[in-house]
Amino acid sequence: MKEEPFKKPKLGEKLMKGIAASPGVALGKVCIHKDVFSHVPTYAIEDNQIGSEIQRLKKAVEEVEEAIRRDHENIRRQLGYGGYGDAEIFSTHLSIIKDSHFLSEVFEKIATQRINAEASVLSQILKYEEIFSKMEDAYFRERMADIRDIGKRLIESLTGPMVLDCPFEEAVIIAGVELTPKDTVQFKRERVLAFITERGGRESHAAILARSMGIPAVLAIEGLLSRIERGDFLIIDGNLGFVVVNPPEGVIQEYRKTQEKLEAHRRNLETLIDYPAETLDGHRFKLMANIGNMVDLEFSIRFHADGIGLFRTELPFIIEDHFLSEEEQFGIYKKVAERMNPKEVTIRTLDFGGDKFLVSLRPEKNPFLGYRSTRAFLKEQEMLKTQIRAIFRASVHGKVKILFPMVSSVEEVRQLRGVVKEVEAEFIHKKVDFQRDIPIGVMVEIPSLAIMASKLMKEIDFVSIGTNDLVQYTLAVDRDNDLVSDLYQPLNPSILWLVKNVVEAGQAHGKSVSICGEIAGDPFYFPLLYGLGLREFSVAPVLILEIKEMAKRVTTKEASQIAERAMEMDSSKEIEQLLMASYPLNHD
Ligand code: PEP
Ligand code: MG
């Protein structure tokens with residue numbers, strides 16, 4: 001979000017800049033979330049402790065072996081037999097743990113170097129890293145990820161799972177090298193004031209989660225962990241991407257005032273709860289919510305969302321840390337459908353891969369371009385069918401729609417429809433109740449599908465434009481990589497052309513087109529998106545009121561004019577300036 005310019009703190013303060021990933025201001029003490037390898041206990045042992053240390057390691061090896069088998073058995077059950085993932089991952093992970101050379105050296109080090117088991121595992125991993133990093137062959141380099149994974153499991157089994165080393169009673173700022181979606185959801189909301197990291201991009205799923213939880217975040221701060229210590233007092237400015245370390249009292253007071261202003265703005269927004277989502281000239285549009293968990297659901301209801309435009313179903317799997325059974329999934333979808341009834345709930349099938357791993361099916365060099373979501377589940381159809389069955393069963397408890405992510409061709413749409421038909425036939429045969437003709441839609445988030453929009457519309461009931469990935473794939477810019485974050489430009493003219501193409505194809509075929517990428521919830525983009533013809537928005541629940549507020553300042557005619565002018569421009573900078581000049585954001 002573009003805001004007023006930062007009032008620079010006075011010279012001599014420690015000031016760091018990163019990517020403003022989730023808005024808001026936080027002040028408080030920091031705790032460091034260390035990754036397992038930077039936290040390994042290392043100590044010397046006596047001769048008479050060698051035996052017991054070797055026993056500890058043997059026990060850990062058995063536990064890890066058992067855990068790998070359990071995980072894989074879990075996947076095998078979900079995939080059915082003969083699935084792709086099965087034999088390969090088993091053998092990769094098990095072969096490392098069974099690799100006599102890898103392990104025998106770990107045992108040996110305990111005895112020869114007189115060090116504890118954890119330190120011995122770490123030293124072996126560092127040795128392998130050194131060797132593998134010099135290898136030309138990509139396959140061997142990739143195997144390093146497996147070795148680190150096994151090493152992590154062994155160390156965790158020896159020391160217990162990593163916990164945040166944080167002795168403070170009050171809520172704190174969490175700092176780390178990077179955040180995964182799993183890290184983001186593992187902390188209790190009320191314990192976290194803000195997230196700050198050394199790596200990560202604005203559209204990473206961890207950042208999206210932070211926004212939906214209303215937690216300020218600043219990512220990609222160079223050298224962060226070498227510049228702060230546990231207990232330092234920080235100011236986090238999630239609007240502008242600044243972190244101030246141990247600031248003087250004057251700066252703290254200034255930020256407390258900013259915090260109060262933001263709080264007043266939020267209270268002001270709450271007066272809009274009962275107002276419909278409409279433009280200044282009275283045109284009503286659909287304003288729905290993106291959800292991933294039950295907290296989001298409750299916020300959607302509180303802010304009167306016009307339905308759920310995107311339910312990211314992978315999040316409950318990540319939170320629960322296992323593949324949810326049909327029964328477990330059904331319970332969740334039924335609850336959401338019932339709570340929202342009669343408003344619609346768009347349930348998106350699992351979108352694993354990329355930065356959202358549950359269990360990695362196989363190490364990949366380019367996971368965002370690889371075995372991700374729909375393309376994987378068209379091969380592992382049992383898993384997909386399990387989810388469709390759960391959605392079908394939930395369909396009698398409300399108004400559900402099915403949305404498939406990461407679809408790249410019309411052919412894939414037909415295959416997906418085929419799988420839905422098979423589940424339908426099964427339900428009819430078994431006389432299980434379900435809602436007939438559940439609307440089927442796809443995410444338009446791969447450029448090939450946006451280009452083929454007009455053909456696509458004949459095959460589906462609705463589409464939802466996912467700009468987070470559409471930008472990444474169109475511009476060939478990793479949404480999660482801060483090194484190229486300046487190239488991640490939602491306002492690049494190519495994106496506008498693709499969005500327009502999809503909107504016009506939808507209009508021509510009478511199919512609904514919504515937008516659910518992060519820009520849909522950013523008021524800055526609203527006049528342009530509305531002007532391009534979009535009439536259905538799905539946004540993080542906490543942003544519903546922000547969009548309502550902006551819409552009340554925009555007329556349909558002005559929005560169309562902005563879109564027309566933007567379509568003639570050839571750089572994102574120009575378009576950004578046009579938007580800034582047309583509707584400056586002002587939260588004072
Ligand atoms: C998108 O890609 O825009 C989207 C909404 O999906 P996700 O962020 O979950 O990939
Ligand atoms: Mg996506």
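In which loop does Asp 461 lie? In this predicted model, Asp 461 is placed in the loop between helix H17 (453-456) and strand E14 (462-465). With a relative accessibility of 35%, Asp 461 counts as partly exposed. Once its neighbours within four places in sequence are set aside, the contacts of Asp 461 are Arg 417, Ile 438, Pro 439, Ile 440, Lys 511 and Ser 512. Ser 512, one of these partners, is 51 residues from Asp 461 in sequence, yet the two C-alpha atoms are 7.4 Å apart in space.

Strand E15 (residues 512-515) also contains Ser 514, which counts as buried at a relative accessibility of 5%. Apart from neighbours within four places in sequence, Ser 514 is in contact with Met 288, Val 463, Ser 464, Ile 465, Leu 534 and Glu 536.

For the protein chain as a whole, the secondary structure comes to 23 helices and 16 strands, and buried residues make up 55% of its 588 residues. When contacts between residues at least 6 apart in sequence are considered, 71% of them join residues that are at least 24 apart.

An open sheet is formed by 8 strands, which follow the order E1-E8-E7-E3-E4-E5-E6-E2 with mixed pairing. Strand E1 (14-17) and strand E2 (19-22) stand at the edges of this sheet and have a single partner strand each, so one side of each is left without a neighbour in the sheet. From one strand to the next, the twist averages 30°. Within the sheet, strand E3 (residues 25-33) and strand E4 (residues 172-176) run parallel and are joined by 4 bridges, and Val 30 stands opposite Ile 173 in E4.

Helix H7 (residues 205-212) lies across E2, strand E5 (192-197) and strand E6 (217-219), and its direction is at about 55° to E2. Helix H9 (residues 249-270) packs on the sheet as well, where it touches E3 and strand E7 (233-237), and the direction of H9 makes about 110° with that of E3.

Strand E10 (residues 308-312) pairs with E11 in the parallel sense over 3 bridges, and Phe 311 has Ile 347 in E11 as its bridge partner. Strand E12 (residues 399-404) likewise runs parallel to E11, to which it is joined by 5 bridges, and the bridge partner of Glu 344 in E12 is Lys 399.

The loop between H12 and E11 holds Pro 342, and the peptide bond that leads from Asn 341 to Pro 342 is cis, with omega near 10°. Helix H12 (residues 326-340) itself packs with helix H10 (residues 294-302) at an angle of about 10°, the axes being 11 Å apart; the two helices are therefore roughly parallel to each other. In this contact, Met 294, Leu 297, Glu 298 and Ile 301 of H10 meet Ile 332, Lys 335, Val 336, Arg 339 and Met 340 of H12. The residues of the contact divide into 6 nonpolar, no polar and 3 charged.

Glu 445 belongs to the loop between strand E13 (440-444) and helix H16 (447-451) and Asp 469 to helix H18 (residues 467-475), so the pair ties together parts that are 24 residues apart in sequence. Both Glu 445 and Asp 469 are buried.

Backbone geometry deserves a separate note. Most residues other than glycine have a negative phi. Arg 114, however, has a phi near 55°, a positive value in a residue other than glycine; Arg 114 is found in the loop between helix H3 (100-113) and helix H4 (117-133), and at 31% relative accessibility this residue counts as partly exposed. Lys 431, which is not a glycine either, has a positive phi of about 55° and lies in the loop between helix H15 (410-430) and E13. At 76% relative accessibility, Lys 431 counts as exposed.

Definitions and conventions: Residues numbered from 1 in each chain as written. Chains lettered and ligands numbered in written order. Predicted model: local features only at pLDDT ≥ 70, side-chain atom pairs only at ≥ 80, totals over all residues. Heavy atoms only, no water. Pairing = 2+ DSSP bridges. Axes fitted to C-alpha atoms, helices over the stretch in contact; angles between N-to-C directions. Contact = heavy atoms within 4.5 Å. Buried < 20%, exposed > 50% of the residue type's maximum accessible area, 1.4 Å probe, protein only. Parallel < 35°, antiparallel > 145°, perpendicular 65-115°, else oblique. Nonpolar A, V, L, I, M, F, W, Y, C, P; charged D, E, K, R; others polar.
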